[in-house]
2 protein chains.
Amino acid sequence: MQFEEKDIAYPPVHPGTDRTFIRFYGGEPDLNSIFYSSEEENSPQRIFVTDTNVASLKQMQPFVNFFRGENYSQPKIENGFIGTRGKDVLLILGSGEPFKTIESVLAICKAAIDSNAKRSAVFTGIGGGVITDMTAFAASIFKRGATCELVPTTLLSMVDAAIGGKTGCDFDSYKNMIGSFFPAQKIHIIPSFIQSLPENEYRSGMAEVVKTALLYSKELFEKLASKPEILQNRKDPLVEEMIKICVNAKAAVVEQDLTEKNIRMQLNLGHTFGHALETRAGLGKVSHGDAVAWGIARAAELSKKIGLCTENYVQTVKSALSSFGWETQPMHSALNGKFASEKEAALSLFEAMKKDKKNASNKVRFVLQEDVGETVITEVDEKDVLSVL
Amino acid sequence: MQFEEKDIAYPPVHPGTDRTFIRFYGGEPDLNSIFYSSEEENSPQRIFVTDTNVASLKQMQPFVNFFRGENYSQPKIENGFIGTRGKDVLLILGSGEPFKTIESVLAICKAAIDSNAKRSAVFTGIGGGVITDMTAFAASIFKRGATCELVPTTLLSMVDAAIGGKTGCDFDSYKNMIGSFFPAQKIHIIPSFIQSLPENEYRSGMAEVVKTALLYSKELFEKLASKPEILQNRKDPLVEEMIKICVNAKAAVVEQDLTEKNIRMQLNLGHTFGHALETRAGLGKVSHGDAVAWGIARAAELSKKIGLCTENYVQTVKSALSSFGWETQPMHSALNGKFASEKEAALSLFEAMKKDKKNASNKVRFVLQEDVGETVITEVDEKDVLSVL
């Protein structure tokens, strides 16, 4: 076979943006003051995307009502609502994981097309991780890449989902099976949104906070461990402080490794166990945060099992998690009655881990710790994994 | 409103790959010799994608038959065919623009999921621009980015569509409305595929060849102008030569400007007029190549109208285009009977140009020439545009 070769080398190209501006807002700003306080002739067209839950929040009404028109008792805030405000558009999608579909992503693109959006339009997602992931995904594929801004409204999306450029939606019953890396140009963090979160969503976000503290801030971990009542008191100044610490920590990681080739993998602490639990319990039966918290306890036990850490570390971690109300025992209660025996449950969890998209081979890779702030990534044998389940 | 700010700066991240290897194959290699000559234990899993037309080509049979299994009189080569060969998969989609849909792109992702593909899988598109654009788009969103290789089988995709990382599909009746920039890791160019192209597809590719020559190779343009019979003789050595020249020229452009922020826009010579004609004639009524060739003639007239070039340039361009059989007069025959008057047709074409996704504002930007190889990009007034229609 005869052939000749040449190659094309590309200079740096940034998907999305080469720099994400993050703004932390004190007090209780409303979105009008953020997006419409200095209306300029040349402000970009915006495609706002949110969900029925967020659009119904009291603090969202001054913003949403503009898009509902003068007579805003109608139309209702429901899935598929599209309102306009000058050249801008607000699209309201259904709320929650079942709406994290390619159809929702295409509905965002369709709203943009119908309003004659150009590449210069700014897709602006206001919501939890489902909305921010999908809005950013739509921005990344619309005309091969529009601009994206995000307003995370849950603790989880403020400290984790919205930071770091991962976009996507579920597909064919797999979580986040399609998507892209496409960092937002601006992220607006408004901690006051947290006051209106349901208990389970706040707790879910808290698991990622504890995870981030274990990875990158011993000081924050110790503060949290000594103050479990923060779960009941969201006005505690520690709440705003911990959000900033977590955002800064995650920013430092994704700055170095946007596409998860190396250190960004650390952020999966507790997630290999956690995802397996979510899958085996049935998607939605256990919250992501509860699953991750349980996974962190299992990862601590596994670290000890393979000789990485002391019993003291394991007890410190488990006692902090327990004080927040999370389960730390080998068999999570969400699996009760689902398997003939604990052994069968453990084997099933292990099978699920092997299928996780983050595993490149048949071995299972774990993020483990030698101590708070001292993290290692390593592959572990099946028998050691089963011994902690 | 109180706020604090920070930002995340990202080091270079390459969507797809930072380097595309292009291999030109002489003779008549079959795909088995390219992909299966040195089967290694650790060769990556491949998701091959092609269409019913290409899969039916005589030279494709040795390759396709492996995926059809032992008894290959069945199953038939039809839209939706999926065959396997070890861990590899071949998916055959319907042929042509009507299949350039998000449903086809998702069918590629689904075939990958069903074969347990990991991020390390190589999506390999074999076909014209429709197949290579969609396969690369699917690769770009599968698990946030798998690997892509392309085997362009038409003249158009060899010299244009497959080179340069633009991926996508049509959506909501708009061409290439969604997609991404995601360069392929390898592009395999097999000029012998050209021998089996239908006349109209060969001619369509030839328009992009003439365009590339006008932009970057006066020598090639003069050779082509003196040899219009190349349209009837695809075995002429000039065919392989012109493919290499065009690939190299396009590679040089996308190396400098992958995401079309500046010089890559030159490649739209003839396309602003051409796209408007395609839209107003009705998608599919006039081939992309015929529309672009006509657009190049209109761009030459417009260049003269605004004082950029000489009458001599206009005549050189139009006479070369005519000798290949393309229309060069103001009103293309594909618009006959569609409008009440030529004036109305001209106004309608201008409206279509204003909506083209490549225009950032309401003004219309054109790629024009002062002479062969001397290109300028400029915005032109409506009355000047209408004067050449």
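Mentor: A polar contact is a pair of N or O atoms within 3.5 Å; within protein, one must be able to donate a hydrogen and the other to accept it, and residues adjacent in sequence count only if both atoms are side-chain atoms. Between chain B and chain A, 31 residue pairs are in polar contact, both residues being at pLDDT 80 or more. This is a predicted model, in which local features need pLDDT of at least 70 and side-chain atom pairs count only at pLDDT 80 or more, while totals for chains, interfaces and linings use all residues. Residues are numbered from 1 along each chain as its sequence is written, chains are lettered from A and ligands numbered from 1 in the order in which they are written, and side-chain values use heavy atoms, with hydrogens and water left out.

Trainee: Which elements of chain B supply at least two residues of the side that touches chain A?

Mentor: Helices (H or I, at least four residues) and strands (E, at least two) are DSSP runs, numbered from the N terminus. On chain B, the elements that each supply at least two residues are β1 (3-9), β2 (19-25), α1 (31-35), α4 (102-114), α5 (129-141), β8 (166-171), β9 (174-181) and α9 (237-256).

Trainee: How many residues does the contact take from each chain, and what area do the chains bury between them?

Mentor: Contact means heavy atoms within 4.5 Å, and here 68 residues come from chain B and 68 residues from chain A. Buried area is the accessible area (1.4 Å probe) that two parts lose on being put together, summed over both. For chain B and chain A this is about 6700 Å², 59% of it on carbon and sulfur atoms.

Trainee: How many salt bridges does the rule find across the interface?

Mentor: A salt bridge is a side-chain nitrogen of Lys or Arg within 4 Å of a carboxyl oxygen of Asp or Glu. Eight are found across the interface of chain B and chain A; one of the salt bridges in the model joins B:K110 to A:D172, with the closest N and O atoms 3.4 Å apart. Over all chains, the structure holds 41 salt bridges.

Trainee: What relation do the two copies have?

Mentor: Two copies of a chain are related by a rotation about an axis and a shift along it. Copies are superposed by least squares on the C-alpha atoms of residues with pLDDT of at least 70 in both. Chain B can be laid on chain A with an RMSD of 0.1 Å by a turn of 180° and a shift of 0.0 Å along the axis. That is the relation of a two-fold axis. Of the residues of chain B, B:P12 comes closest to the rotation axis, its C-alpha lying at 2.5 Å.

Trainee: Why do the copies meet through the same surface?

Mentor: They do so because 100% of the interface residues of chain B are also interface residues in chain A.
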